[in-house]
Amino acid sequence: MSLLIVLVLFLHVVGARPPDEVVGYLGETVTLPSGADPSLNLTKIEWSIFSNTTWIATRRDDLTNIDRVARFQGRLKLNITSGDLTICDLRKEDEMKYTVKLEPQPKTKEIRLIVNRRLQKPTIEPLFRAAGGGGYWLGLQCSSQDEGVDFSWKIEPPTETSGRHAERKSREMFMFLKNTETDVEFTCTTSRTIENVSSSFTLKSDDEATKPPHRNRCILGYPICLFIGFVIPVVLYMCRENISAPC
């Protein structure tokens, strides 16, 4: 007898289906599908939350009630044909498990709602700009308010670059651009799973920083000025940000 009970409980656990997951975003609208058979004429729709079956939206005897719970008042829409429930102006506290029961469809369906925040646009900050050597040195830093994002860079139009830290998958981009005759647009993209967002920074060709320096601008000589004006700031920045560099 005990073995039979254990076997029944085991089969019940194995056969239990995890709730479907629906992802929504703060301040936006999301629809929870009831999974109703479209060929059925639904006579009863009951959406509930919590283990004590707190109804939040119902359709019974041709009467619809979507103002049953104060926290959802004015934010719910119930499709009486499909049984789908729409939640407007999503809040973080809406993240929970929802249960829908339909008649004459016998099955009960559970949905886990996950509420995320849309990725915020990254910010691009120029670290330094300096003309010289037939082009100009440039350092950019991309930052994001979001955690767990990947960074990538794109340069338009494609231009010849050089530099030890011109990787496209880093927060920072340090490079020497050899073409100073056209505007160059740098786009930083942050991405997470299937979502991404971008910001751009344009370096104008007529920017003072991109123009060749006057000969009398530095009395110490070009190599020394380049070392003081570019190499030292870059090394100090790398040390501060713990970027691999001989410090």
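Q: What does contact mean here, and what share of the contacts in the chain with a separation of 6 or more comes from residues 24 or more positions apart?
A: Contact means heavy atoms within 4.5 Å, and residues 24 or more positions apart account for 56% of the contacts in the chain with a separation of 6 or more. This is a predicted model, in which local features need pLDDT of at least 70 and side-chain atom pairs count only at pLDDT 80 or more, while totals for chains, interfaces and linings use all residues. Residues are numbered from 1 along each chain as its sequence is written, and side-chain values use heavy atoms, with hydrogens and water left out.

Q: Which order do the strands of the open sheet of 3 strands have?
A: Strands of a sheet pair through backbone hydrogen bonds, either parallel or antiparallel. Strands here are DSSP runs (E, at least two residues), numbered from the N terminus, and two of them pair if DSSP finds at least two bridges between them. The order in this sheet is S12-S15-S16, with antiparallel pairing, and strand S12 (150-156) and strand S16 (195-203) are the edge strands, each pairing on one side only. Strand S15 (residues 184-192) is joined to S16 by 9 bridges, and phenylalanine 186 stands opposite phenylalanine 201 in S16.

Q: Which cysteines form a disulfide, and are they buried or exposed?
A: A disulfide is a pair of cysteine sulfur atoms within 2.5 Å, and buried means under 20% relative accessible area, exposed over 50%, partly exposed in between (1.4 Å probe, protein chains only). Cysteine 142 and cysteine 188 form a disulfide with their sulfur atoms 2.0 Å apart, linking strand S11 (residues 135-143) to strand S15 across 46 residues. Both cysteine 142 and cysteine 188 are buried.

Conventions. Helices (H or I, at least four residues) and strands (E, at least two) are DSSP runs, numbered from the N terminus.
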